[in-house]
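Please study the sequence and the structure shown below, then work through the exercises in order. Each task is followed by a solution in steps.

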Amino acid sequence: MKAFRQVAVLAAAAVIALACGGSGGGTSGGGSSSSCSKTYKVGLVTDVGKLSDKSFNYDSWQGVLNAQKDSSLCVQARAIESSTQEDYPKNIAQFVDQKYDMVVTVGFKLGDATIAAAKANPTVKFAMVDYADFTDKPPPTNLVGLVFQEDQPGFLAGALAGLQTKSNTIAYVAGLESVPAVVKYVKGYTNGAKMTNPNVKVLGIYQPESGPKDFNDPDWGLQQANTFFGQGADIIFGVGGNTGNGALLAAKQKSKTCIGVDVDQFVSYPDVASCLMTSAEKHLDIAVKQSITNMVKKSWQSGTLTFDAKNNGVGIAPYHDYDSKVSTDVKAKVSDIATKLKEGSLATGVSTP
Amino acid sequence: MDLDVSWGEVHALLGENGAGKSTLMNVVYGLVRPDSGEIMVDGNRVEIGSPLDAIRLGIGMVHQHFMLIPPLTVAENIILGQEGEFARGLIDVERAGAAVRKLSSDYGLAVDPRAKVEGLSVGVQQRVEILKALYKGARILILDEPTAVLTPQEVEGLFRIVRSLTDEGKAVIFITHKLAEVMAVADRITVMRQGKVVDTRKPAEASLAELARMMVGRPVLLRVERKPARPGAALLRVEGLVVHDDRRQVAVDGVDLAVRAGEIVGVAGVEGNGQDELVEAIVGLRRLQAGRVVFDDRDVSRKSTRERLHAGISYIPADRHRLGIVLELPVSDNLVLDHYGQPPFARWVVRQLKAVRTYAQRLIKAFDIRAAGPDQLVSALSGGNQQKVVVARELSTKPRVLIAAQPTRGVDVGSIEFIHQQIVSQRDAGLAVLLVSSELDEVLSLADRVAVMYRGRIVSVLEGEQIERERIGLLMAGVA
Amino acid sequence: MSRRWRQLLISAVVVPLASVVAGFLVGALAILVTGSDPIQAYSALFAGAFTNHNAAAETLVSSIPYVFLGLGVALGFRAGLFNIGAEGQFYVGALAGVFVAFSVHRLPGIVEVPLALLVGMAGGFFWAGIAGVLKATTGAHEVITTIMLNYISFLLASFLVNTKGLLLAPNVSTPRTPDVDPAAVLVTLIPGSRLHAGLLLALIAVPIVWFLIERTTIGFRIRAVGFNIDAARTAGISVRRTIVITMGLSGALAGLAGIVQVLGVNKHMTDTVAAGYGFDAIAVALLARSNPWGVLPAALLFGALRNGASFMQLETQVSSDLISIIQASVIVFVAAPVIVRWLLRLREAPVQTLQITQREEVETTS
């Protein structure tokens, strides 16, 4: 049959196409050197934000990659991106089935799935980034929740904003109010600003609707930011994934000043580098790498692992392009506050549960 | 087979559907490659591998289904393919229009170059097709069934155009299956049957009956033999009927008409005078604005089409492909299209395919439908046989009233004869027939009474001796 | 081989198969561009879909909703209706069914399961029926109305599932409904896997839908309307009623997919439970050429792609988004048989083309 011959030709073309490209394959290079007696396999499952989200998944994955690069840890890492939240259990199971030693899951949305998997697979270690709500007391011993004191970097960012604002009006555009981390950032930001500048006015809004666009509605973020600029704000803090990124973009377009969140957005979101004064960071990479190190070095801690100023788990990012626009005096003041937070001699005034 | 065409002549290619006329012309136009044989133009052997080759040789073709782009203007359609000559980025509409205007005045083909094709009547669209071919430099023009879609008046116009073309020395090949037309327009007639040339004649040397015999391969009755009607009680009455067309204009304007059992009432009229709307209103496909439809002394005006059909009204719609059959379904399903759900063809909601097939086999035989079997797709049948499927379906449900709209349009001579005989024999068995036809000959040969429709009204109902071609023609034109 | 069978073979088997091959080729190009090895990626995809531990069972789990949804969309196609709203009907079916399934208690499974399934189907029937009624009465195109109804159902599901006092279960990190009654859960077919009895329902649904289309008077009306709406009306078929019923049945199958997914896999409902299945199903139905039997292999293919994607990413770090590229290309080739025929040098005209046209529906006097 002529038709089948033609299919064969197509198939042959396919093989040729594949063969030509055979040499291109390159996955993230393995860190396991010859000195390793055992290679630890670590898998990471993203939430629906993807590895390229310039924020959460990206930074957590950097932590895993840093562990892989550290030859003393003998880690080999892989990631699976989740397309829908229905895939979470399945993607975790993929790593378990492949006999991975540890699974890192990113974001509170994977919480239920991770806890269930930890209970079902006691020999595998699980780390949840930014989530530690355990319904079981005590939680499974193979499970750790990595959480952050977001009020501290928020406080630092707010302190800086309070010193830098010319209109005495600053603003924030935040994700869902039902997510405690978001609220802590915002409250820290507000308190920090009020401390350095008692006359400051803080405008802000949380994303109201709960739906598929949680943390992923940059258009809305941009719109809200523009509203605040119209009300006189000259600095905006974007707190909430892509929604917050929308606010940053608005600042860039209107030549205002912006403050990023979670990671150093100068690196992760270079589009807004020109307006970015700093970012209120949680060092997800440090936390993730720490939890992997605990697993490899047999110093595993289960339960909740809190990262704060003391263990360098949070902070604010470098000023980058704003270095010249922030006076030495202001820098010193902010640095002083950071040191006091680290020592514990200064509190943010935000109650932490 | 052999065929030769001379410059300055109209050469008619006559044959039934499927006799091979169109295939032959597709070979000449480069759409189909011949298995053997050769084509010569002006004595030189030519290779025609594609329509482009044909156009270069001066061969133009007007297809049965027009190849025009409706939203474009006449001029745009005509210069399509050569629009570069009028364009430097933008098309120079003025210059293109002028070129088209000159061409149309040269040949007496009046068209407005700026009119959009979608707004033109079928006859004018055909002129655009002819102009398109002439514009591309056609010296040999092939017209494939050019009258199939035209009204009698438009046919007249077409014949005049064909004449003026041949006066210019061009050759025209006129493909048709209509006998009267070839006698009227052709210089020579080549009759084809089953892919072979039967004979080539001049009109003066041939009679209608002889041509028909050559086409069909056996003697054909050109006039239907029928006994005088013995009408009974009125089975179908329409009273004071007012119906709108699709544009919500009044199309049927207060029509009263009665059809009695055992008679054929013909509705004559130029197409577009409300006949379609009248028929659709009777079978329940179009809303009544006023008046009522009475079947067997019962008012059925508010009944659905299904209820009317099941009560005993049969309907042969004018547009076979659009309304009469479902091309993608087999012959058997088409034969039960309007009573598929009744016993024995269905039990509860389950179709009884065996019963359908048996029934279909019976009808295929009784109505001489040339199909491979009941399971063959109806799209694979010739036009005549498709129409026989419709006629067989509508006449086999023991109807009491038959609404037959253009029952033989686009049907070959052999099938026309058969369909006419069927209608007449059912009339003799007591069927009330309302026949709507734009072919005056059909009305004249079948109808016991003739109602002439003009601008939505029945202007006259003629009986017996009153039924004359001249008189009806004048009434149709709104003169009398 | 007779001409007709050859034609059938080409249109029903060769062209879809070639479209799939071509889709994978386009996918391979995309993998190459991103600097990975297509052979490795596709091997991992295959392993993740079939040969890994539980992979075959998981592929079947992913295929089950595709079967119901594909059948539903295909049914619509047969009447010339383009039901884009399967995703939304999935939600409404799941919502209606899950409400029954977590509200009932202490009834035997033989009662609870069919009850939940029926209510789920009714939900889908009702939701799609709205689009059907709108089309039949006002001529509003079903593509537009079903898209709009999708949004309403997404937000409705989100609202009900996220709101305390409505369907939100207490103390959960991801908003979801309470678990369904244990007796309402579809039994697991292979212990240790998630493969549930929905597979059997899907396998039964195929011949039932085939029978409905090919052997019943309803199916005959659906096909007649789909092939030639004017001829159908002329033959006395009520086009309006057929449109409403077809849309309803199409939606009922989508709703069934939803409640089966809830009772079989999740045991509760989230506001993302449809997970794009309903949109993919349009592709499944196209690939199946609207033939119920064709839905089975098409659903299996899409289930395998969906299920194998994560292992492919694990093994080769090729993004699971690649699957969307493959799916989309397959559909481009299926929807454009001309391209495939040209690639294969097949001259014959397509046997079946999908018509999406706005038709005027004026019916009899009322």
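## Exercises on a predicted model

The model is predicted. Chain C contains 14 helices and zero strands.

**Exercise 1.** Determine which pattern chain C follows along the sequence, and why its radius of gyration agrees with that of a compact globule.

*Solution.* 
Step 1. Read along the sequence, the pattern of chain C is α-α-α-α-α-α-α-α-α-α-α-α-α-α.
Step 2. A compact globule with 366 residues would have a radius of gyration near 21 Å; chain C has 21 Å, and therefore the two agree.
Step 3. The C-alpha trace of chain C spans about 65 × 60 × 35 Å along its principal axes.
Step 4. Of the 366 residues in chain C, 59% are buried.
Step 5. Consider the contacts in chain C between residues at least 6 apart in sequence: 78% of them join residues at least 24 apart.

**Exercise 2.** Describe the contact between chain C and chain B.

*Solution.* 
Step 1. Chain C contributes 17 residues to the contact, and chain B contributes 28 residues.
Step 2. On the side of chain C that touches chain B, the elements giving two or more residues are helix 8 and helix 9 of chain C.
Step 3. Helix 8 of chain C gives the most to this side, with five residues.
Step 4. By class, this side of chain C has six nonpolar, eight polar and three charged residues.

**Exercise 3.** In chain A, find how strand 1 and strand 2 are joined, and which unit they make with helix 2.

*Solution.* 
Step 1. Strand 1 (residues 40-45) and strand 2 of chain A run parallel and are joined by six bridges.
Step 2. Leu44(A) has Ala79(A), in strand 2 of chain A, as its bridge partner.
Step 3. Strand 1, helix 2 (residues 56-69) and strand 2 of chain A form a right-handed β-α-β unit.
Step 4. Five of the six residues of strand 2 (residues 75-80) of chain A are buried, and this strand is thus mostly covered.

Technical notes
Residues numbered from 1 in each chain as written. Chains lettered and ligands numbered in written order. Predicted model: local features only at pLDDT ≥ 70, side-chain atom pairs only at ≥ 80, totals over all residues. Buried ≥ 20, exposed ≤ 12 C-beta atoms within 10 Å, placed from the backbone. Helix = DSSP H or I, 4+ residues; strand = E, 2+ residues; numbered from the N terminus. Pairing = 2+ DSSP bridges. Right-handed = clockwise from strand over helix to strand, strands pointing away. Rg over C-alpha atoms; globule rule 2.2 N^0.38 Å. Contact = placed C-beta atoms within 7 Å. Nonpolar A, V, L, I, M, F, W, Y, C, P; charged D, E, K, R; others polar.
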